[in-house]
Amino acid sequence: MRAVITGLEQGDLEVEFLVLPREGEYLKLHNKDDIIEGEVASVTHSIYLHQSEHQIKIALKPIN
């Protein structure tokens, strides 16, 4: 399922997931020459019944 990763210095990033991460988990994404790491701050799943579609947003925060 497609999700938009927000809270990154590089801007938003669209990623395909088989399993969605949970709050508090750490993500490490390899994007070409960059490695993006962060803690999942929130996962928002919006369902639009009138359009038969959904949108998933995952907000990351820097690892302390």
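The structure is a predicted model, in which local features need pLDDT of at least 70 and side-chain atom pairs count only at pLDDT 80 or more, while totals for chains, interfaces and linings use all residues. Residues are numbered from 1 along each chain as its sequence is written, and side-chain values use heavy atoms, with hydrogens and water left out.

I begin with the strands. Helices (H or I, at least four residues) and strands (E, at least two) are DSSP runs, numbered from the N terminus. Two strands are called paired if DSSP finds at least two bridges between them. Strand 3, residues 26-31, and strand 4, residues 34-48, run antiparallel and are joined by six bridges. These two strands form a hairpin with two residues between them, and Lys 32 in the turn has a positive phi of about 55°.

Strand 4 also runs antiparallel to strand 5, residues 53-61, with nine bridges joining the two. Here Val 40 has Leu 60 in strand 5 as its bridge partner. Four residues lie between the strands of this hairpin, and Ser 52 takes a positive phi near 55°.

I turn next to the salt bridges. The criterion is a side-chain nitrogen of Lys or Arg within 4 Å of a carboxyl oxygen of Asp or Glu. By that criterion the whole structure holds three salt bridges. One of them joins Arg 2 to Glu 14, at 2.7 Å from N to O. Arg 2 lies in strand 1 (residues 2-6) and Glu 14 in strand 2 (residues 13-16), so this pair ties together parts that are twelve residues apart in sequence. Arg 2 also meets Glu 16, at 2.9 Å from N to O. This second pair again links distant parts of the chain, with Glu 16 in strand 2 and Arg 2 in strand 1, 14 residues apart.

For accessibility, buried means under 20% relative accessible area, exposed over 50%, and partly exposed in between, with a 1.4 Å probe and protein chains only. Arg 2 is partly exposed at 46%, and Glu 14 is partly exposed at 47%. Arg 22 and Glu 25 form a salt bridge at 3.5 Å, N to O. In that pair Arg 22 is exposed at 61%, whereas Glu 25 is partly exposed at 30%.

Is Val 15 buried or exposed? Val 15, found in strand 2, is buried, with a relative accessible area of 16%. Taking contact as heavy atoms within 4.5 Å, and not counting residues up to four places away in sequence, Val 15 touches Met 1, Arg 2, Ala 3 and Ile 5.

Finally, the largest pocket. On a 1 Å grid over the protein atoms alone, where a 1.4 Å probe fits, a pocket is an open set of points with protein on both sides within 12 Å along at least five of seven lines; lining residues have an atom within 4 Å of a point. The largest pocket holds about 160 Å³ of space, the volume being the space filled by probe spheres set on the points, which are joined across faces, edges and corners. Among its lining residues are Gly 7, Glu 37 and Leu 60. Strand 4 supplies the largest share of the lining, four residues.
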